[in-house]
Amino acid sequence: GINAEYGKQWYQRRVREAVVSTQSTGDVVVQKQIIPMRRFMGGVGRHAQAKAFNTSGSLGAWPKKSAGVFLGLLKNAESNAEVKGLEVDSLVIDHIQVNRAPQMRRRTYRAHGRINPFMCSPCHVEMILTETESIVAKEEEDAPKKRSKKKEARARARLGAE
């Protein structure tokens, strides 16, 4: 499965801000779009692509395995929606959450006859897709935009100074 730490990094992106699609996930795999690392950033390198996300230190990576697993989850959700009779093109990720799963134990053999635990940290991914109606553009109002008194005073000062 997917490592919980990488999963948290991947799903940490604000899903509602950035439109998550199969295209952007595919771009991560071929290193066209970076994933900003904000929380678990030990040993993560700096990359110019991360500047677009305004992360501290331009830290980012291309988690290929996590992106592949997430792409599989999206395809699974799409096929589930088709079976339920929903319109696939109008689906939007409404909620996504990653939780830690119980660790699984294995053992690794060390020098001088010792044995150490070899634990993996899987995770549970919870994703809820909702069907949205067609998006209608908002009409522009003729009323002028409200401005604060402070901004109006600054504007008058600029006009008076010119």
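**Reading a predicted fold**

Reply: Start with helix H4. Residues are numbered from 1 along each chain as its sequence is written, and side-chain values use heavy atoms, leaving out hydrogens and water.

Me: What span does H4 reach from its first C-alpha to its last?

Reply: The expected span of a helix is 1.5 Å times one less than its number of residues. H4 covers residues 149-161 and reaches 18 Å, close to the 18 Å expected.

Me: How many helices and strands are in the protein?

Reply: Helices (H or I, at least four residues) and strands (E, at least two) are DSSP runs, numbered from the N terminus. Here there are four helices and six strands. Their order is α-α-β-β-α-β-β-β-β-α.

Me: Which residues make up the largest nonpolar core?

Reply: In soluble globular proteins, nonpolar side chains tend to be buried together. A nonpolar core is a set of buried Ala, Val, Leu, Ile, Met, Phe, Trp, Tyr and Cys residues joined through side-chain atoms within 4.5 Å. The largest has six: Val-28, Ile-34, Ile-35, Ala-50, Trp-62 and Ala-67. Apart from this core lies another, of five residues, among them Phe-70 and Met-127.

Me: What share of the 162 residues is buried?

Reply: Buried residues make up 25%.

How values were computed:
Predicted model: local features only at pLDDT ≥ 70, side-chain atom pairs only at ≥ 80, totals over all residues. Buried < 20%, exposed > 50% of the residue type's maximum accessible area, 1.4 Å probe, protein only.
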